[in-house]
Protein chains: 2
Amino acid sequence: MTNIENLDKAFESRVRLGIMSVLNSAGQADFNTLKSMLGVSDGNLASHIKALEKLGYIETIKQFIHRKPNTSYAVTESGRKAFSAHIDALCSILKIK
Amino acid sequence: MTNIENLDKAFESRVRLGIMSVLNSAGQADFNTLKSMLGVSDGNLASHIKALEKLGYIETIKQFIHRKPNTSYAVTESGRKAFSAHIDALCSILKIK
DNA sequence: AAAAAGTACTTTGCGATGCAAAGTTAATAC
DNA sequence: GTATTAACTTTGCATCGCAAAGTACTTTTT
């Protein structure tokens with residue numbers, strides 16, 4: 001089947017797909033790690049993070065490490081499900097796996 | 001690796017991804033088949049086709065069938081390569097296959 | 001012959017998106 | 001108190017996606 005409707009609009013952006021992929025496999029990652037892994041500007045990253053957070057797909061973990069502020073992000077349960085469903089849809093469309 | 005740069009911008013749109021997927025597995029498909037398989041309006045489909053054609057990823061085959069005009073599309077060699085590279089990039093990012 | 005319908009577009013208009021660049025806030029270091 | 005770092009937010013602009021309407025050509029119907 002070619003059901004492109006099952007693709008999640010939230011993951012059509014390469015940056016948001018990348019964020020989810022990193023967080024999903026690493027468990028969590030902080031702002032600067034994401035920034036350098038994805039090669040995007042801080043403003044751009046922040047806006048994509050905000051979009052994913054607004055959808056409830058990721059959550060923010062703020063803390064201080066060595067007296068410096070550190071913001072980490074992790075995928076929520078709902079985010080994990082949505083991401084997994086998106087990958088399933090992709091695989092079905094692209095006939096992989 | 002999380003190299004989102006290897007993703008092809010042309011295939012970030014669900015419609016263009018769908019077009020490529022259908023053409024890639026069916027060999028070729030005509031306008032109305034694509035339209036109904038993807039569930040998009042004719043204007044929308046035409047514009048996405050135009051974009052893929054402009055990139056040299058698909059080619060147009062115009063003919064008459066039962067005295068009716070029929071336009072079919074097929075993936076070009078360069079389109080096949082680009083699509084395959086995009087899928088590889090996706091698989092690498094999503095860690096599938 | 002005129003009207004209607006089908007195919008494949010193109011054009012228009014508009015709201016949403018993506019991104020760079022600049023500005024902001026708050027804590028820390030010197 | 002000045003500078004630096006972290007993490008954003010805001011601004012501005014160019015691009016995108018899409019619906020809706022318009023177009024051109026042909027065939028079918030009346």
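In the predicted model, Asp42(B) places a polar side-chain atom 2.7 Å from a base nitrogen of DNA strand C, a polar contact being a pair of N or O atoms within 3.5 Å. A polar side-chain atom of His48(A) lies 2.9 Å from a phosphate oxygen of DNA strand C.

Of the atoms of DNA strand C within 4 Å of the protein, 85% belong to sugar and phosphate.

Helix 1 (14–26) and helix 2 of chain B pack with their axes 10 Å apart and at an angle of about 125 degrees; axes are lines fitted to C-alpha atoms over the stretch in contact, and angles run from 0 to 180 degrees between N-to-C directions. Helix 1 of chain B is therefore oblique to helix 2 of chain B, the class left after under 35 degrees (roughly parallel), over 145 (roughly antiparallel) and 65 to 115 (roughly perpendicular). Val15(B), Gly18(B), Ile19(B), Val22(B) and Leu23(B) of helix 1 meet Leu34(B), Met37(B) and Leu38(B) of helix 2, contact meaning heavy atoms within 4.5 Å.

Residues are numbered from 1 along each chain as its sequence is written, and chains are lettered from A and ligands numbered from 1 in the order in which they are written. Local features need pLDDT of at least 70, side-chain atom pairs count only at pLDDT 80 or more, and totals for chains, interfaces and linings use all residues, while side-chain values use heavy atoms, with hydrogens and water left out.

How values were computed: A residue is near a molecule or strand if one of its heavy atoms lies within 4 Å of it. A polar contact is a pair of N or O atoms within 3.5 Å; within protein, one must be able to donate a hydrogen and the other to accept it, and residues adjacent in sequence count only if both atoms are side-chain atoms. Helices (H or I, at least four residues) and strands (E, at least two) are DSSP runs, numbered from the N terminus.
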